Amino acid sequence: MQSLHNFLFEHNKKKNNLPANLQRVIVEIMRASKYAEHAIRTEETGKSGETNIQGEEQLALDIKCDQIFCNILSDSELIAKFASEEQEHAVSINGEAGLYSVAFDPLDGSSLLDTNGCVGTIFGIWEGNGFIGKSGNDLVAAGYIQYGPRTTAILSFAGNTHEFTLSEIGEYHLSKENISVHENATIFAMGNLRASTERPEYKAVLDYFLEKKKTLRYAGGMVPDINSILCKHSGIFTYPSHSAYPKGKLRLLYECAPMAYIMNNANASAVDEFGNNISDIKITELHQRTSIVLGSTNSVEKVIEILNKK
Ligand code: AHM
Ligand code: MG
């Protein structure tokens, strides 16, 4: 069993494309995830009484997980700035003296907490101070942690995507190296299916998957839904716009851009509902939303064709 530390070190010794300071930032985020995992496992799943900038009611654990990641990142002299789903503004830590900026969704899928469903943390790491004007193409690493029956982390950097599993002694070890997703999806996860009531073309996507006898696997959390694609090496996840979310629900900075980076490094695609690469979209606002279609490349192309048929 190879530990995360050892894997990062060996990786750089062989390939020399993972700077020591970037390794340290990744390790600090993974350290924070262990505190988050403990809080999710042991603390109350109820509401906090607060509302975030997105107008969403925050659970006590949304706030707790946010604080955990904020505290650990604030302690690092390597961090220029961070941004969180739970906070209106980016927080400057070392400004121009810092080397990396980190954006994160501390607790994705928190509406699944009271059902004991899988939840996660998503993050992306950019070089330099801040996010505006950059895109997913500028990411230097991204990942997510899935807090499920086991806690696993997907880490993506230097062109590859790997899985690590948290052991009972609190150490992450490598469990899947160089994950690759096949071109054709065998499973499908259609988010925002309510959009099909007003968008016949989205209903046509559903009919297409049913006709092709694909298997529905929908968890209702972006992390577990995307994790299914990576672990089964095949699949597709969609979350289009509709009247309640004219630009889509999911956020570019700390959800879609990191997930697109992870997928692209696993030979899969991630585009918006018009077929634009998610990684090319410029970040103009911290909480900017986008539609997304992500996963097996041929199936992503097919969905875009159906959605945009005139
Ligand atoms: P959150 O970050 O507030 O938890 O919202 C993101 C989640 C995703 O995990 C999931 O794919 C989506 O929202 C589900 O949305 P819906 O409410 O349409 O089911
Ligand atoms: Mg989220």
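This is a predicted model: local features need pLDDT of at least 70, side-chain atom pairs count only at pLDDT 80 or more; totals for chains, interfaces and linings use all residues.

Biologist: How do strands of a sheet pair in general?

Modeller: Strands of a sheet pair through backbone hydrogen bonds, in either a parallel or an antiparallel manner. Here, F188 stands opposite I236 in β13.

Biologist: In what order do the five strands of the open sheet lie?

Modeller: The order is β12-β11-β13-β15-β14, and the pairing is mixed. Strands β12 (215-216) and β14 (269-271) are the edge strands, each pairing on one side only.

Biologist: Which helix lies across β11 and β13?

Modeller: Helix α4 (residues 200-211) lies across them, and runs at about 160° to β11.

Biologist: Let us turn to the metal. Which residues coordinate the magnesium ion (ligand 2)?

Modeller: The general idea is that ideal angles at a metal are 109.5 degrees for four tetrahedral donors, and 90 or 180 degrees for six octahedral ones. In this case, D105 (OD), D108 (OD) and E255 (OE) coordinate the magnesium ion (ligand 2), at 1.9 to 2.1 Å. The spacing of these donor residues in sequence is D-x2-D-x146-E.

Biologist: Is D105 buried or exposed?

Modeller: Buried means under 20% relative accessible area. D105 has a relative accessible area of 0%, so D105 is buried. E255, with a relative accessible area of 1%, is buried as well.

Notes: Residues are numbered from 1 along each chain as its sequence is written. Chains are lettered from A and ligands numbered from 1 in the order in which they are written. Side-chain values use heavy atoms; hydrogens and water are left out. Donors are N, O and S atoms within 2.8 Å of the metal (3.2 Å for Na, K and Ca); water is not among the atoms, so sites may look incomplete. Buried means under 20% relative accessible area, exposed over 50%, partly exposed in between (1.4 Å probe, protein chains only). Two strands pair if DSSP finds at least two bridges between them. Helices (H or I, at least four residues) and strands (E, at least two) are DSSP runs, numbered from the N terminus. Contact means heavy atoms within 4.5 Å. Axes are lines fitted to C-alpha atoms, for helices over the stretch in contact, and angles run from 0 to 180 degrees between N-to-C directions.
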